[in-house]
Amino acid sequence: MNCIFEQDIIDAQKAAIILSTNLNNYERFSVLKEFKKIIKDLNLRLDLYNIQYAQVCFINALKLAMIDKNEVLKFLENLQKITDNSLMYAFILGIESAKKDYKKEIFNAHQNLDLINQNLQNLCKDGNTKKTLQESLLKFAQVDFSIAVTGVVNAGKSSMLNALLKKNFLGVSNVPETANLTILKYGQNQKAKIYFWNQQEWQNILKSSTNNEDMLNLLKELKHDFNLDEHIKEENKIIEVDFDLLKEYTSAKNKISALIKQIEIYSLLDFLKDNVYIVDTPGLDDIIIQRELLTKEYIQKADFLIHLMNASQSLSQKDCDFIIECLLTSRVSKLLIVLTKADLLSEKDLQEVIAYTKNKLKESLKAKNLDVNLILNIECICISSKFANDFYQKNEGNLEKSNILSLENLIHKSLYEKNTIAMQAYKKELLLIANLLIQKIDTE
C-alpha cells in the first residue's frame with residue numbers, strides 16, 4: 001500500500017473512481033485524460049493488474065480508517081450515473097472500518113509541535129525570534145471550532161444538543177422555548193452572561209418593525225411592562241445570572257427575551273473542550289429581524305452547520321430557501337441536514353424523506369437557474385434524540401440505534417480537518433524559524 005500512498009494522496013473521490021473500474025468499463029475509462037492523470041498520480045501503470053492492486057490498497061485503507069467510508073460511498077453513488085458499480089458499493093457498505101480517534105491524533109500532533117517550539121526557544125538568542133515562537137505557541141493553542149445549529153421552531157434543536165452534550169443541559173426546566181441566540185462555551189464555572197441590545201441596535205429594530213404587526217404589538221407590550229432605559233444602554237448592558245434563573249430571561253413566554261441580543265453559557269461539558277463552541281439559533285421564523293441578521297452573521301463564521309428538520313414533516317419552503325442561501329453565501333466547511341425524531345419512521349420511510357428532500361432542493365436550484373451540483377455539498381443524517389437521551393439520562397434505550405454517534409463522528413472529523421490545516425501552518429512556521437536558526441548557527 002505504501003507505493004500508492006507515499007505522496008499522501010488518500011483521496012475519497014479518486015478511491016471511488018478506481019473502485020468503480022471493472023472489466024466492463026475499463027476501456028472507456030482508460031482513454032479519459034482525467035483517469036490517466038489519477039493513475040499517474042498514484043504511481044501506477046495503466047493496466048487492469050495495477051488497478052486491481054490499487055483497489056486492494058484502497059479497501060485496506062478503508063478498513064484502517066485512512067479514508068472516510070461515508071465520503072467514498074457518496075462518490076460511488078454519484079458515479080452510478082455513468083457506470084454500474086452496485087456490487088462494489090454493496091461491498092464497501094459492508095466493510096467494518098476501524099474507529100479513528102480524531103481528537104487523540106490532533107492532540108499528539110499539537111503536543112509534538114509545541115515540544116519542537118519549546119526546543120527552538122531554548123536555542124534562540126534573538127529576542128524577536130523567541131517572541132515570534134511564543135506568539136505561535138499561543139495562536140495555535142486557540143484554534144476554535146464553531147457549530148451553528150438552525151431550524152424552524154420545534155425542529156428538535158434542544159433535544160439534539162442534549163444528546164450531543166450527554167446531559168439534560170437545555171431541558172424544559174432550564175431553557176424552555178429558547179427565543180435568543182445562545183452560545184455554549186467551555187468554562188470552569190457554570191454561568192450565563194446576558195447581552196442586551198444597545199441603543200443603536202434597538203433603533204434599527206424599531207425602524208425594521210414599521211410594517212410588522214406582530215412586532216409592533218410586542219413593542220407596545222414591552223413599553224408597558226418595562227422601563228426600557230434600564231436595559232437598553234448606549235453600550236450593550238451585560239449581566240451575569242445563575243444558570244437556574246436563565247429561564248426567566250430566555251423563554252419565548254417571557255417578553256424580556258425580546259430585549260436580549262444574545263446569551264453566552266459556560267460549562268464544564270466535555271463536548272465543548274478544545275475550543276469547541278455551539279451557536280444555538282432562534283427559529284428561522286423569528287419576528288425580530290435584527291436577531292435573524294445576527295444569526296446569519298454567526299452562520300457566516302461557522303465551521304460546521306447543522307440544519308434540523310422533523311423527519312415526519314416535509315421540507316418547508318422556509319427550510320428550502322435557507323439551505324440554498326447557505327449553499328450560496330456561507331463559508332461553512334460542512335452543511336449537514338439532520339432529520340430528527342427518526343424513531344417515529346421506518347428505515348424505508350426515512351430513505352424516502354432523504355430522497356424527497358434532495359430532489360426538492362435540486363428542483364429549487366434548477367428553478368433559480370443555479371448549479372444543481374451544489375447539492376453534493378450537503379449530507380443528510382437521521383437521528384433519534386429520544387433514544388440517545390434515554391441512554392445517557394436513564395441508562396436505557398439503544399444508543400447505536402439513535403445514530404447520534406455517527407453525528408458526533410462527522411463533527412469530530414470536521415474539527416480534525418480544520419485542526420489539520422492549522423497544524424500544517426504551525427509546522428511550516430516552525431520550519432521557517434528552524435531554517436533561520438540553522439543559517440545563523442552556520443554563519444557563527
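Reader: Is N403 buried, partly exposed or exposed?
Author: This is a predicted model. In it, N403 is partly exposed, because its relative accessible area is 23%, and buried would require under 20%.

Reader: Where is N403 found?
Author: N403 sits in the loop between α19 and α20. Its phi is positive, about 70 degrees, although N403 is not a glycine.

Reader: What is the phi of N395?
Author: N395 is not a glycine either, and it has a positive phi of about 60 degrees.

Reader: Is N395 buried or exposed?
Author: N395 is exposed, because its relative accessible area is 65% and the exposed class begins over 50%.

Reader: Which residues of α18 are buried?
Author: Helix α18 covers residues 385-394, and its buried residues are S385, A388, N389 and D390.

Reader: What covers them?
Author: The cover of the buried residues of α18 includes α10 (157-165), α19 (399-402) and α20 (404-443).

Reader: How many salt bridges does the structure hold?
Author: There are 17 salt bridges in the structure. One of them joins D41 to K14, with the closest N and O atoms 3.7 Å apart. That pair links distant parts of the chain: D41 belongs to helix α4 (residues 33-41) and K14 to helix α2 (residues 12-20), 27 residues apart.

Reader: Is D41 buried, partly exposed or exposed?
Author: D41 is partly exposed, with a relative accessible area of 22%.

Reader: Which salt bridge does E444 form?
Author: E444 forms a salt bridge with K125, and the closest N and O atoms are 3.9 Å apart. E444 lies in the segment after α20, while K125 lies in the loop between α8 (102-123) and α9 (127-139), so the pair ties together parts that are 319 residues apart in sequence. Both E444 and K125 are exposed.

Reader: A change of topic, if I may. Which residues form the positive surface patch?
Author: The patch is formed by K81, K358, K362 and K366. Of these residues, K358 is found in helix α17 (residues 347-367). K358 is partly exposed, its relative accessible area being 31%.

Reader: Now the interior. Is L76 buried or exposed?
Author: L76 counts as buried, because its relative accessibility is 0%. It lies in helix α6, residues 69-79.

Reader: What is L76 in contact with?
Author: Apart from neighbours within four places in sequence, L76 is in contact with A16, L19, S20, N85, Y89 and I92. L76 and A16 are 60 residues apart in sequence, yet their C-alpha atoms are 5.3 Å apart in space.

Reader: Let us turn to the whole chain. What does its secondary structure come to?
Author: The chain has 20 helices and 9 strands. Its C-alpha trace spans about 80 × 70 × 50 Å along the principal axes.

Reader: How much of the chain counts as buried?
Author: Of its 444 residues, 47% count as buried. The accessible surface comes to about 23,900 Å², and carbon and sulfur atoms account for 51% of that area.

Reader: How many positive and negative side chains are there?
Author: The chain has 56 positive and 59 negative side chains, and the centres of these two sets lie 2 Å apart.

Reader: One last point. What share of the contacts joins residues at least 24 apart?
Author: Among contacts between residues at least 6 apart in sequence, the share is 77%.

Terms used
Residues numbered from 1 in each chain as written. Heavy atoms only, no water. Patch = residues over 30% accessible without salt bridge, like charges linked within 9 Å, V, L, I, M, F, W, Y side chains within 5 Å. Areas by Shrake-Rupley, 256 points an atom, 1.4 Å probe, with all protein chains shown as cover. Salt bridge = Lys/Arg side-chain N within 4 Å of Asp/Glu carboxyl O. Lys, Arg positive; Asp, Glu negative; His and termini not counted. Charge placed at Lys NZ, Arg CZ, Asp CG, Glu CD. Helix = DSSP H or I, 4+ residues; strand = E, 2+ residues; numbered from the N terminus. Buried < 20%, exposed > 50% of the residue type's maximum accessible area, 1.4 Å probe, protein only. Contact = heavy atoms within 4.5 Å.
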